[in-house]
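Q: I've got a model open and I'd like to learn how to read its features. Can you walk me through it?

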Amino acid sequence: MAPAEGSSNGSHKRQLVGFDNFKRSNPMTDRFEALRFHHIEFYCGDANTTFRRFQWGLGMQLVAKSDMSTGNQKYASYVLQSNELVFAFTAPYSGKVEKIGSKEPHPDFNQESARDFLNKHGLGVRAVGILVGDAEKAYEETVRNGAEGVMEPKELTDSATGKAAVVSEIKAYGDVVLRFISSKGFEGPFLPNYEPVQSFQLSYGLQRLDHAVGNVPHLLETIDYLANATGFHEFAEFTAEDIGTVDSGLNSMVLASNNERVIMPVNEPTFGTKRKSQIQTYLEHNEGPGLQHLALKCDDIFTTLREMRQRTEVGGFEFMPRPSENYYKNLPEKVGSDLTPEQLKECQELGILVDKDDQGILLQIFTKPLGDRPTIFIEIIQRIGCTYEENGKMEQKGGCGGFGKGNFSELFKSIEDYERTLDAKV
């Protein structure tokens, strides 16, 4: 089958076939033991101010820091946590100040590269951290299978506890890296030599990172690279024909680890529509490939979203426009008895999108961009169904309820409407 319109040219191991023709399977082909997402690290211009905005807007607790007060003369970095979800915010200090005796946790941090990242991309994700069984093996196997190495494995020993972790990095796409972390006894909130912080308890119910989505100009090239390097299998895919709006053309493939706890969708733009694809808009404002959005999973989206919406106008995050009235009129037929009338009413009041696949229900809502540029944003989701028992604990299958295919048309129309507000006024 020929590649979908807008997709990469050339010879590739994989071809887009579209949502209806794709058959999901899990061949268990990981080249290393991938356990779960470990953290996301943002590069920003002012880490102190940025972490406080995310702390307030998302309900996350400050748990660790590395800055001048801890002996780090190269950069400031603050770590937020909510259950299994961990965000780090890092900003370089001035390169003109002497750094004699600096104690920075990341051995390969480069101030000039960090400033170049910020000049090019603005606020954005530098690293997608993955907890693995062996970070040295993960690096060796991925590089052996075509990955571009960024940081060779290094054992980092925490000066306070004497416990260690191994960290390594490979290129993902653009200036984003995959960072592999494995513990050798270290149990701190982030990485060795970050100083633990005792702060007030704060949580709106966010549980963990569900998936991390990248935008690239050529989908199949990126998927071949990532899948070959990691062994991750294709979990789902979508083409422009699956989306149902003529203005937001994109193709998408989703990669997942063996246990389907590390899920990484990748998008590319398609062309020939009346308006520029939202993916192309991202690529232009980001000045190249990068991480488009982070899907944050919660167990009670109604409670989480009420907390977040209370703070929208006072330092929190704005959300995309609510769906039309007709969207909610059709929901009872779409989801059947899986949601109560009271839950459907709450979805309408809070602007939540609802989708369903053969396994479960997906509730989702998207913020507007997090910074000045129309680039990175956040998705808040709840998955309902697909539960199973493992080691005496109830778990949920990865990707339960899908990725909102049934909401693409409504969602992308709202993004198109938002992007129209950014058009130059003449």
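Q: Let's talk aromatic pairs. How do I describe one, and how many are there by this rule?

A: In general, a pair of aromatic rings is described by the distance of the centres and the angle of the planes. Keep in mind that this is a predicted model. Here the count comes to 18 aromatic pairs. Take F42 and F87: the ring centres are 5.2 Å apart and the planes sit at 80°, so this pair is edge-to-face.

Q: Where do F42 and F87 lie, and are they buried or exposed?

A: F42 belongs to strand β1 (residues 34-43) and F87 to strand β4 (residues 85-92), so the pair ties together parts 45 residues apart in sequence. Both F42 and F87 are buried.

Q: What about Y43 and F109: which kind of pair do their rings make?

A: Go by the plane angle, where over 60 degrees counts as edge-to-face. For Y43 and F109 the planes are at 75° and the centres 6.0 Å apart, so this pair is edge-to-face. Y43 lies in strand β1 and F109 in the loop between β4 and α2 (111-121), so the pair ties together parts 66 residues apart in sequence.

Q: Why does Y43 count as buried?

A: The cut-off for buried is under 20% relative accessible area. Y43 has 9% relative accessibility, so it counts as buried. F109, at 8%, counts as buried as well.

Q: Which residue lies over the face of W56?

A: That's R311, at 4.7 Å from the ring centre. You can look for R383 in the same way: it lies over the face of F403, at 5.4 Å from the ring centre.

Q: Now the sheet. In what order do the eight strands come?

A: Read across the open sheet: β11-β12-β13-β10-β14-β17-β16-β15, with mixed pairing. β11 (233-238) and β15 (353-356) stand at the edges with a single partner strand each, so one side of each is left without a neighbour in the sheet. From one strand to the next, the twist averages 25°.

Q: How do β10 and β13 run relative to each other?

A: They run parallel, with two bridges joining β10 (residues 206-215) to β13 (residues 263-269).

Technical notes. Residues numbered from 1 in each chain as written. Predicted model: local features only at pLDDT ≥ 70, side-chain atom pairs only at ≥ 80, totals over all residues. Heavy atoms only, no water. Pairing = 2+ DSSP bridges. Helix = DSSP H or I, 4+ residues; strand = E, 2+ residues; numbered from the N terminus. Axes fitted to C-alpha atoms, helices over the stretch in contact; angles between N-to-C directions. Phe/Tyr/Trp six-rings, centres within 6.5 Å; stacked < 30°, edge-to-face > 60°. Buried < 20%, exposed > 50% of the residue type's maximum accessible area, 1.4 Å probe, protein only. Lys NZ or Arg CZ within 6 Å of the ring centre and 35° of its normal.
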